[in-house]
Amino acid sequence: MSDIDKLNPAVTIVLDKERRLLLNLNAMAAFEKAAGKSLFALNTEQLSATDLRSLIWACLLHEDRKLTEEMVGEWITPANMAEIAARLTQAFTAAMPAAKEETKTTPLAETPQTQ
């Protein structure tokens with residue numbers, strides 16, 4: 001993966017044409033402005049259709065600033081919703097930093113005492 005790919009971890013999705021979902025700070029802010037709620041406060045088990053549409057739209061804005069939520073909503077149907085949800089999950093995963101290996105530390109209680 002190139003440095004650009006690490007900074008721009010977009011996930012390919014087919015809607016009206018092949019597009020790329022990108023969850024970056026601009027997408028997060030666009031979602032928050034459209035939905036009136038924080039992306040980090042979302043309960044994915046209670047995600048509304050409006051929230052889902054807004055989130056996908058926000059993740060597509062990097063390609064086309066003229067997209068509207070209604071345009072994106074026309075491309076999503078029950079037939080492709082599972083695939084879109086899977087791709088959106090991939091976009092979230094790609095955007096998150098890799099877990100860092102924990103550094104081993106010795107608890108204070110186990111630290112050898114010097115006299």
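Tutor: Helices (H or I, at least four residues) and strands (E, at least two) are DSSP runs, numbered from the N terminus. Here the order from the N terminus is α-β-β-α-α-α-α, which gives five helices and two strands. The model is predicted, with local features needing pLDDT of at least 70 and side-chain atom pairs pLDDT 80 or more, while totals for chains, interfaces and linings use all residues. Residues are numbered from 1 along each chain as its sequence is written, and side-chain values use heavy atoms, without hydrogens and water.

Student: In which sense do strand 1 and strand 2 pair?

Tutor: Two strands pair if DSSP finds at least two bridges between them. Strand 1 (residues 11-14) and strand 2 are antiparallel, with four bridges. A hairpin of three residues joins them, and Thr 12 stands opposite Arg 20.

Student: Which residues line the largest pocket?

Tutor: Rolling a probe the size of a water molecule over the atoms shows where empty space is left. On a 1 Å grid over the protein atoms alone, a pocket is an open set of points where a 1.4 Å probe fits, with protein on both sides within 12 Å along at least five of seven lines; lining residues have an atom within 4 Å of a point. Among the lining residues are Leu 39, Phe 40, Leu 52, Thr 89 and Phe 92. Helix 5 supplies the largest share, four residues, and helix 3 (49-60) supplies at least two.
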